[in-house]
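Please consider the following structure, which is taken here element by element. The discussion turns to charged pairs, then to strands, and finally to helices.

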Amino acid sequence: MEELYVIKAGKQLRCGYTTGSCAAAAAKAAAIMLHSGSIPGFVDINTPAGITLRLKVEHPVLEGGYACCGVIKDAGDDPDVTDGLEIAARVSERQDGKIVIDGGEGVGRITRTGFWGPIGAAAINPVPRKMIRQEVAAIADHGWDILISAPGGDQIAKKTFNPQLGIEGGISIIGTAGIVEPMSDDALKKTIYLNIDAIYEDGAREILLLLGNYGERMLKELPLQVHRVKVSNFIGDAVLYCYHKGFKKITLLGHIGKLCKLAIGVFNTHSKICDARMEAFVYYLALEGAPQDFLQQVNACKTSEEVVQLIRENGYEQIFTTMQQGCETRIQRYVKDEEFQVDVILYSMEYGVLGK
């Protein structure tokens, strides 16, 4: 593969390829070995992204009616825990035209309904399965048995969301484009959606959305016993997904520095998207009739924690409740349902839960 790059936050970052691409390449190489008796050093595969990959074949074995080999996952500049993992395929021929794909060592198994396969099936997503089928069918049409494995995947899976999603025993073979784009927002959002799906399939109709790790620690102060998902800065995407999924109530827990932005209608709270913290505080304080000199003092602050302290010292704590209500109203407008049940909880690092 020629080096592919994307620009993120002004930096040039190298793209990589997915575990699904590795599985398809390994399966194709093993099929070539069985069909021709030759061992390729590299193998070309097509990806849904329209990019052809040429991937190196590792540890080829050809004997006794089967062939196996592997391809090393390269995530490029993406911080992917599967980077450097070998994805292997063991292939044997059939004579009925069928292509049967299963997972072996290090590939997880689905244990809950609502995923891309039945309970007990290998966690190999539909797009990688399609890629594998297309690549081996191009070698011969007599049929194939294909076993995809990822030695060491059981340990790596512990660093992924798989245990929370109900995929046990290993990693998932994934990738909808075949190419890994570094720091992909889409990949993060898909992980959030999978977590939400798993909670819904468990029968829950109330859900708690957290913006980060500190929110989990804040839960010790709150009597909340509901399923929860971390949604990072993707408040709007997560809220809409939960609403259309069928949840009846959402509770959103986050730091005042993030949720003050939501209170004025910002649904992606990452600082690179929008940094309107001081503007949000000034807006709500102005509605409360705060004097001009105090508004200017707030506007000059660098952090939301500074503002919280100023607000408390000057007797404007009621705006925390007003901002809370503003967040709830914004969410109801966002999903276009004024009757939708929403609770928003704001907190400060210094003072804990704020508002009502």
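How many salt bridges does the structure hold? In this predicted model, the structure holds eleven salt bridges. One of them joins aspartate 44 to arginine 54, with the closest N and O atoms 2.7 Å apart. This pair links distant parts of the chain, since aspartate 44 belongs to strand β4 (residues 42-46) and arginine 54, ten residues apart from it, to strand β5 (residues 52-56). Aspartate 44 has a relative accessible area of 30% and is therefore partly exposed, the class between the limits of 20% and 50%.

Arginine 109 and aspartate 102 form a salt bridge in which the closest N and O atoms are 2.9 Å apart. Arginine 109 counts as partly exposed at 28% relative accessibility, and aspartate 102 is also partly exposed, with a relative accessible area of 32%. Arginine 277 meets aspartate 275 through their side chains in a salt bridge of 2.8 Å, N to O. Here the relative accessible area is 21% for arginine 277, which is partly exposed, and 44% for aspartate 275, which is partly exposed as well. Side chains of opposite charge can pair when their charged atoms come close. Beyond such pairs, Arg94, Asp96 and Asp145 are linked in a network of salt bridges.

Aspartate 145 leads on to the strands, for this residue of β11 is the bridge partner of valine 100. Strand β9 (residues 99-103) pairs with β11 in the parallel sense over five bridges. Strand β11 (residues 144-149) also pairs with strand β8 (residues 86-93), in the antiparallel sense and over six bridges. Within β11, tryptophan 144 is the bridge partner of glutamate 93.

An open sheet is formed elsewhere by five strands in the order β15-β14-β16-β17-β18, with mixed pairing. Its edge strands, β15 and β18 (352-354), each pair on one side only. From one strand to the next, the twist averages 30 degrees. β14 and β15 pair in the parallel sense over three bridges, and leucine 209 stands opposite valine 229 in β15.

Which helices pack on this sheet? α5 lies across β14 and β15 and runs at about 175 degrees to β15. α12 packs on the sheet, where it touches β16 (249-255), β17 (341-348) and β18, and its direction makes about 140 degrees with that of β17.

Helix α5 (residues 185-201) contains 17 residues and reaches 24 Å from its first C-alpha to its last, close to the 24 Å expected at 1.5 Å a residue. The buried residues of α5 are Lys189, Ile192, Asn195, Ile196, Asp197, Ala198 and Ile199. They pack against α4 (162-165), β14 (206-210), β15 (228-230) and α7 (235-245). Just after α5, glycine 203 takes a positive phi of about 100 degrees.

Two packed helices are described by the angle between their axes and the distance between the axes. Helix α9 (residues 277-287) and helix α12 (residues 318-335) pack at an angle of about 110 degrees, with their axes 10 Å apart. α9 is therefore roughly perpendicular to α12. On the α9 side, the contact is made by Ala280, Phe281, Tyr284 and Leu285, and on the α12 side by Ile319, Thr322, Met323 and Gly326.

Definitions and conventions:
Residues are numbered from 1 along each chain as its sequence is written. This is a predicted model: local features need pLDDT of at least 70, side-chain atom pairs count only at pLDDT 80 or more; totals for chains, interfaces and linings use all residues. Side-chain values use heavy atoms; hydrogens and water are left out. Helices (H or I, at least four residues) and strands (E, at least two) are DSSP runs, numbered from the N terminus. The expected span of a helix is 1.5 Å times one less than its number of residues. Buried means under 20% relative accessible area, exposed over 50%, partly exposed in between (1.4 Å probe, protein chains only). Contact means heavy atoms within 4.5 Å. Two strands pair if DSSP finds at least two bridges between them. A salt bridge is a side-chain nitrogen of Lys or Arg within 4 Å of a carboxyl oxygen of Asp or Glu. Axes are lines fitted to C-alpha atoms, for helices over the stretch in contact, and angles run from 0 to 180 degrees between N-to-C directions. Angles under 35 degrees count as roughly parallel, over 145 as roughly antiparallel, 65 to 115 as roughly perpendicular and the rest as oblique.
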